[in-house]
Amino acid sequence: LALATDQECKPSEIIRAAVDAYLGTASVITSSQRRLARISEFMQLALDVIISEQFPEFRERIIANADKAGRSAMRSYGMNLGYAFQLVDDALDYGGTAADLGKNVGDDFREGKITLPVILAYRRGTETERAFWKTAIEKGESSEENLEKALGLIKKYDALNDTIGRALHYGTIARDALAPLPASPLKSAMLEVIDFSIQRVN
């Protein structure tokens, strides 16, 4: 967030740096629901800092002119962008590369994190497959052999595509939330961040 005071940085670079900074703390959160809530809160905080430092006139205009619906729209943007970003991150852990993630593929599995791909594969699985997930996640039996089996089950039940689909859904909501705002460099940067967050899975 220190980059928010650097006037030479592009808005999109600042917001991306804020997102990257968050990834260092996301790994300590074990509940999928809590992870989504935390990153959404972080994105809203980061955006508030960026707006205050980089675009004070724009911020004052928003505060002066925004009604309750306008403030709600900005809140919706931050929340849904956070959801989209985290869901993409969850999908990449089972279908991306170390370069995409900044960490090893399968780290969520090894750390016993319950993310959406796991939840979908578990719900759609057989009793035997559900027993595997309980053993692997709850008891921490995350060998490379079990990771390969987990990847197979996630692929079998199309959990990655459905996770990405939900990320796209939240990204669309975030984009729609900005529609009432006037054109500005900040608005362009905020829209670009949505694309950046989703396109990591391409």
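The dialogue below sets values against their definitions.

Mentor: This is a predicted model, in which local features need pLDDT of at least 70, side-chain atom pairs count only at pLDDT 80 or more, and totals for chains, interfaces and linings use all residues. Residues are numbered from 1 along each chain as its sequence is written, and side-chain values use heavy atoms, with hydrogens and water left out.

Trainee: What makes up the secondary structure of the chain?

Mentor: The chain has 11 helices and zero strands. Helices are DSSP runs of H or I with at least four residues, strands are runs of E with at least two, and both are numbered from the N terminus.

Trainee: Why is Leu-153 called buried?

Mentor: Buried means under 20% relative accessible area, exposed means over 50%, and partly exposed lies in between (1.4 Å probe, protein chains only). Leu-153 has a relative accessible area of 6%, so Leu-153 is buried. This residue is found in helix 9 (residues 144-156). Of the 202 residues of the chain, 46% count as buried.

Trainee: Which residues does Leu-153 touch?

Mentor: Contact means heavy atoms within 4.5 Å. Not counting residues up to four places away in sequence, Leu-153 touches Ala-121, Glu-129, Phe-132 and Trp-133. The C-alpha atoms of Leu-153 and Trp-133 are separated by 9.8 Å, and the two residues are 20 residues apart along the chain.

Trainee: Why are the buried residues of helix 9 said to line one face?

Mentor: In helix 9, Asn-146, Leu-147, Ala-150, Leu-153 and Ile-154 are buried. They fall within an arc of 125° seen down the axis, so they line one face of the helix. The arc is that of the directions from the helix axis to the C-beta atoms. An α-helix has 3.6 residues a turn, so residues three or four places apart point the same way. On the other side of helix 9, Glu-145, Glu-148, Lys-155 and Lys-156 are exposed.

Trainee: What follows helix 9?

Mentor: Helix 9 is followed by Asp-158, whose phi is positive, near 55°.
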